[in-house]
Amino acid sequence: MTNLERYYNKFDEDHRLTTRHGRVEFETTMHFIHEYIPGVAGADGKARIADIGAGTGRYSLALAREGHRVTAVELVAKNLSVLESKHEKVNCWPGDARDLHFLEDERFDITLLFGPLYHLHTESDRLQALSEAKRITRKDGLIFCAYVMNEYSVLTYCFKQNHIGEVMATGKLTADFHTKSDDDELYSYLRLEDINELKDRAGLQREKIFAADGAADYMRRELNALSEADFAHFLSYHLATCERADLLGASSHVVDVLRKKV
């Protein structure tokens with residue numbers, strides 16, 4: 001069993017996006033998916049969507065319930081089992097984002113790559129996942145790629161949780177505080193310049209890039225204390241600021257919206 005499987009066998013992935021900070025990520029990302037669907041959907045207004053690294057299906061299920069034709073691919077057997085147990089209209093496959101040979105070329109209007117790039121540690125693996133997403137996406141279709149950000153990791157784990165001494169002692173940070181990740185680590189943390197380079201090397205064109213959750217992950221306790229009305233104000237604030245270049249790098253998660261060039 002891999003470290004990834006051990007983690008998700010213990011972690012309640014089905015609950016993550018229903019928490020206050022998780023709702024910020026989910027509702028923000030759905031906002032932008034909805035923004036782009038009309039431009040790529042069929043005559044009936046419905047899109048063919050691939051959710052690669054679907055987890056337990058939070059996005060897959062929401063989009064399928066809107067009538068879109070959703071195919072979900074998930075590597076972790078436990079997560080896939082939870083998704084399949086919901087008996088929704090989602091076409092489910094076990095699989096690795098780096099090898100989607102069972103999916104046709106240029107099949108999908110939108111491909112979501114939300115989980116895999118969190119856990120791939122080498123540039124070649126990340127480019128392979130992007131290449132497969134590009135292959136299955138139709139010409140002029142869209143790929144949504146999510147990343148976990150470097151500064152969020154440093155600020156929370158190293159300083160807020162006070163692990164900076166051990167991290168520096170074990171050489172897990174560069175001199176300019178960029179995390180070093182290898183196959184023993186669960187997550188891979190990137191900066192905006194890393195994401196820009198990946199986009200260029202994959203031959204994809206950026207439509208926009210946004211902070212999926214902004215400050216929400218730093219403010220879990222504070223968000224939980226808000227009334228529902230005040231939390232709605234926070235969501236409005238976040239949507240109003242989530243594309244600001246000066247705030248992107250400190251977000252917990254960033255989503256790059258990429259178009260497959262014709």
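## A walk through the model

Show Glu 123, Arg 126, Leu 127 and Leu 130 on H7, then Glu 197, Leu 198 and Arg 201 on H10, which make the contact (heavy atoms within 4.5 Å). By class, this contact has 3 nonpolar, no polar and 4 charged residues (Ala, Val, Leu, Ile, Met, Phe, Trp, Tyr, Cys and Pro count as nonpolar, Asp, Glu, Lys and Arg as charged, and the others, Gly among them, as polar).

Before moving on, note that this is a predicted model, where local features need pLDDT of at least 70 and side-chain atom pairs count only at pLDDT 80 or more, while totals for chains, interfaces and linings use all residues. Residues are numbered from 1 along each chain as its sequence is written, and side-chain values use heavy atoms, with hydrogens and water left out.

Pick Asp 44 and Arg 69, whose side chains meet in a salt bridge at 3.3 Å, N to O. This pair links distant parts of the chain, 25 residues apart: Asp 44 sits in the loop between helix H3 (20–40) and strand E1 (48–52), and Arg 69 in strand E2 (residues 69–74). Helices (H or I, at least four residues) and strands (E, at least two) are DSSP runs, numbered from the N terminus.

Now select Glu 207 and Arg 259, another salt bridge, at 3.0 Å from N to O. Here strand E7 (residues 204–211) supplies Glu 207 and strand E8 (residues 253–260) supplies Arg 259, 52 residues apart. Is Arg 259 buried or exposed? Arg 259 is buried, at 16% relative accessible area, and Glu 207 is partly exposed at 29% (buried means under 20%, exposed over 50%, partly exposed in between, with a 1.4 Å probe and protein chains only).

Finish with two backbone stops. Most residues other than glycine have a negative phi. His 87, in the loop between helix H5 (77–84) and strand E3 (90–94), has a positive phi near 50 degrees, and is exposed at 72% relative accessibility. Glu 106, in the loop between E3 and strand E4 (108–113), also has a positive phi, near 50 degrees, and is partly exposed at 33%.

Conventions
Salt bridge = Lys/Arg side-chain N within 4 Å of Asp/Glu carboxyl O.
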